[in-house]
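Subject: Structure handover

Hello,

Here is the structure I promised to pass on. My notes on it follow below.

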Amino acid sequence: MMNNILTNGVAVALCLVGFTFNGCDSNTDQGKSFDEAAPEDVTMVEDDHGHDHPSEGPHHGSLIELGKEAYHAELVHDEKSGSVTIYILDSGATKNVPVKAESVLINAKHDGKGQQFTLTAAREANDPEGQSSRFSTQDKALGELLEEHDTDARLVLEIEGKSYSGKIPAHDHDHKHAH
């Protein structure tokens with residue numbers, strides 16, 4: 001028993017000596033803020049998720065983040081026809097991703113009133129049978145709601161058995177639309 005006490009005592013003493021010498025090194029970043037100590041790391045932290053993606057989708061629409069950028073969706077609103085189209089995209093927001101779904105939902109809230117809109121599958125030519133990377137609706141009410149600056153809207157869908165929900169960005173009146 002006396003042997004264990006001595007062994008533990010020696011281990012504690014060695015740890016204290018190690019902390020003392022490491023703590024006294026005048027070249028450490030001790031006392032500096034995170035910004036001063038590692039500015040290159042701060043850049044990565046401030047970058048959304050450590051990787052870049054385009055500011056708009058390949059169809060020139062607004063991007064919607066899904067599952068901490070596991071996927072993206074792209075919303076394209078054609079003001080002329082009133083159609084709203086959602087494209088499901090990969091994590092880099094550059095390529096279409098076909099999913100097994102017949103529809104996706106947009107839940108919109110404006111002036112305290114909630115509405116739900118269903119966008120049905122509209123397969124692209126190269127989407128596999130039974131899958132779609134494009135979903136659309138001709139419901140002009142959705143397009144009008146999305147134009148309102150105080151509308152809170154979310155895209156809801158399922159990809160490979162997992163539910164995803166992404167906030168639809170507020171409408172940018174300077175953004176170019178399909179015509």
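From the N terminus on, the protein chain runs α-α-α-β-β-β-β-β-β-α-β-β. That gives four helices and eight strands. Both are DSSP runs numbered from the N terminus: helices are H or I with at least four residues, strands are E with at least two.

Two notes on the source. This is a predicted model, where local features need pLDDT of at least 70 and side-chain atom pairs count only at pLDDT 80 or more, while totals for chains, interfaces and linings use all residues. Residues are numbered from 1 along each chain as its sequence is written, and side-chain values use heavy atoms, with hydrogens and water left out.

The sheet

The eight strands form an open sheet with antiparallel pairing, in the order β1-β2-β3-β6-β5-β4-β7-β8. Two strands pair if DSSP finds at least two bridges between them. β1 (62–66) and β8 (162–168) are the edges; each has a single partner strand, so one side of each lacks a neighbour in the sheet. On average, neighbouring strands are turned by 25° against each other, direction ignored. (Axes are lines fitted to C-alpha atoms, for helices over the stretch in contact; angles run from 0 to 180 degrees between N-to-C directions.)

β4 (residues 103–110) and β5 (residues 113–121) pair antiparallel over eight bridges. Ala-108 has Gln-115 of β5 as its bridge partner.

Helix α4

α4 (residues 140–147) lies across β2, β3 (84–89), β4, β5, β6 (134–137), β7 (152–159) and β8. The helix runs at about 125° to β5. Asp-139 caps its N-terminal end: a side-chain oxygen lies 3.0 Å from the backbone nitrogen of Ala-141. Buried residues in α4 are Leu-142, Gly-143, Leu-145, Leu-146 and Glu-147. Buried means under 20% relative accessible area, exposed over 50%, partly exposed in between (1.4 Å probe, protein chains only).

The cores

Of the 179 residues in the protein chain, 32% are buried. The largest nonpolar core has 26 residues. Such a core is a set of buried Ala, Val, Leu, Ile, Met, Phe, Trp, Tyr and Cys residues joined through side-chain atoms within 4.5 Å. Ile-86, Ile-88, Ile-106 and Leu-155 touch the most other members. β1, β2, β3, β4, β5, α4, β7 and β8 each supply at least two residues. β7 gives the most, with four. A second, separate core of five residues includes Leu-63, Val-76, Tyr-87 and Leu-89.

Ile-106 has contacts (heavy atoms within 4.5 Å) with residues including Leu-75, Ile-86, Phe-117, Leu-142 and Leu-155, leaving aside residues up to four places away in sequence. Among contacts in the protein chain between residues at least 6 apart in sequence, 49% join residues at least 24 apart.

Around strand β2

The aromatic pair count comes to one. Rings of Phe, Tyr and Trp (its six-membered ring) pair if their centres lie within 6.5 Å; planes under 30 degrees apart count as stacked, over 60 as edge-to-face and the rest as tilted. Tyr-71 and Tyr-164 have ring centres 5.5 Å apart and planes at 80°, so the pair is edge-to-face. Tyr-71 sits in β2 and Tyr-164 in β8, 93 residues apart. Tyr-71 is buried at 15% relative accessible area. Tyr-164 is buried at 9%.

His-72 is also in β2 (residues 71–77). At 1% relative accessibility, His-72 counts as buried. Its side chain reaches the backbone oxygen of Asp-90 at 3.3 Å.

Best wishes

Methods. Polar contact = N/O pair within 3.5 Å; in protein donor to acceptor, adjacent residues only side chain to side chain.
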